[in-house]
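User: I am new to reading protein models and would like to learn step by step. Please walk me through this one with me asking the questions.

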Amino acid sequence: MNLIVCVDDRYGMAFFGKRQSRDKVQIQKMLDLVGENKLFISEYSLCLFEELPKNVSVSNDFLTLAKTGDFCFVERESLCDAQIEEIIIYKWNRVYPSDLKLSSELLSGKTLVSTKEFKGNSHEKITEEVYR
């Protein structure tokens, strides 16, 4: 599977089970990146989408359903046993309170292959990093 996650400057993902931030431009960039491939999200993430594209599946068990080549947008899930092909990180370029962090172990053995910056609607700068 291909993992998509949003983090702050300290790789924080969530605080007390809630997302740190949200950005409409980041969601659209993610959908553009996924293209026609399958994208799995949890019920919690559903509110981030104005219209749900037909290639998006909603399930709280999505990490077990995803196959090779599928994408998973992760906000609060544990990733220790996931079989990850590629990791796409959207960095908020800020520090937020967090108690759930992206494990640095997931990036070990991966290589940063691209970095792009863009202006979001709620953040002046969001950085997209792709690791393989």
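Predicted model: local features only at pLDDT ≥ 70, side-chain atom pairs only at ≥ 80, totals over all residues.

**Starting point**

User: Does F40 count as buried or exposed?
Analyst: Buried means under 20% relative accessible area, exposed means over 50%, and partly exposed lies in between (1.4 Å probe, protein chains only). The relative accessibility of F40 is 6%, so F40 counts as buried.

User: Which residues does F40 touch, not counting those up to four places away in sequence?
Analyst: A contact means heavy atoms within 4.5 Å. Residues are numbered from 1 along each chain as its sequence is written, and side-chain values use heavy atoms, with hydrogens and water left out. With sequence positions up to four places away set aside, F40 touches S57, F62, L65, A66, D70, F71, C72 and F73.

**The whole chain**

User: How many helices and strands does the chain have?
Analyst: Reading along the sequence gives β-β-β-α-β-β-α-β-β-β-β-β. Counted up, the secondary structure comes to two helices and ten strands.

User: What is the radius of gyration of the chain, and what would a compact globule have?
Analyst: The radius is taken over C-alpha atoms, and the globule rule is 2.2 Å times the number of residues to the power 0.38. The C-alpha trace spans about 35 × 30 × 30 Å along its principal axes. For 132 residues the rule gives a value near 14 Å, which agrees with the chain's own 14 Å.

User: What share of the residues in the chain is buried?
Analyst: Take the 132 residues of the chain and pick out the buried ones. They make up 48%.

**Helix and cysteines**

User: Which residues does Q26 touch, apart from those up to four places away in sequence?
Analyst: Q26 lies in helix α1, which covers residues 24–34. Q26 counts as buried because its relative accessibility is 2%. Its contacts beyond four places in sequence are C6, F73, Y90, W92, F118 and I126.

User: How many disulfides does a search of the whole structure find?
Analyst: A disulfide is a covalent bond between the sulfur atoms of two cysteines. Here one is taken as a pair of cysteine sulfur atoms within 2.5 Å. The number found is zero.

User: What is the phi of F16?
Analyst: Most residues other than glycine have a negative phi. F16 sits in the loop between β2 (12–15) and β3 (18–19), and counts as exposed because its relative accessibility is 65%. Its phi is positive, near 55°.

User: What is the phi of N93?
Analyst: N93 lies in the loop between β7 (86–91) and β8 (100–101). At 27% relative accessibility, N93 is partly exposed. N93 is another residue other than glycine with a positive phi, near 60°.

How values were computed
Helix = DSSP H or I, 4+ residues; strand = E, 2+ residues; numbered from the N terminus.
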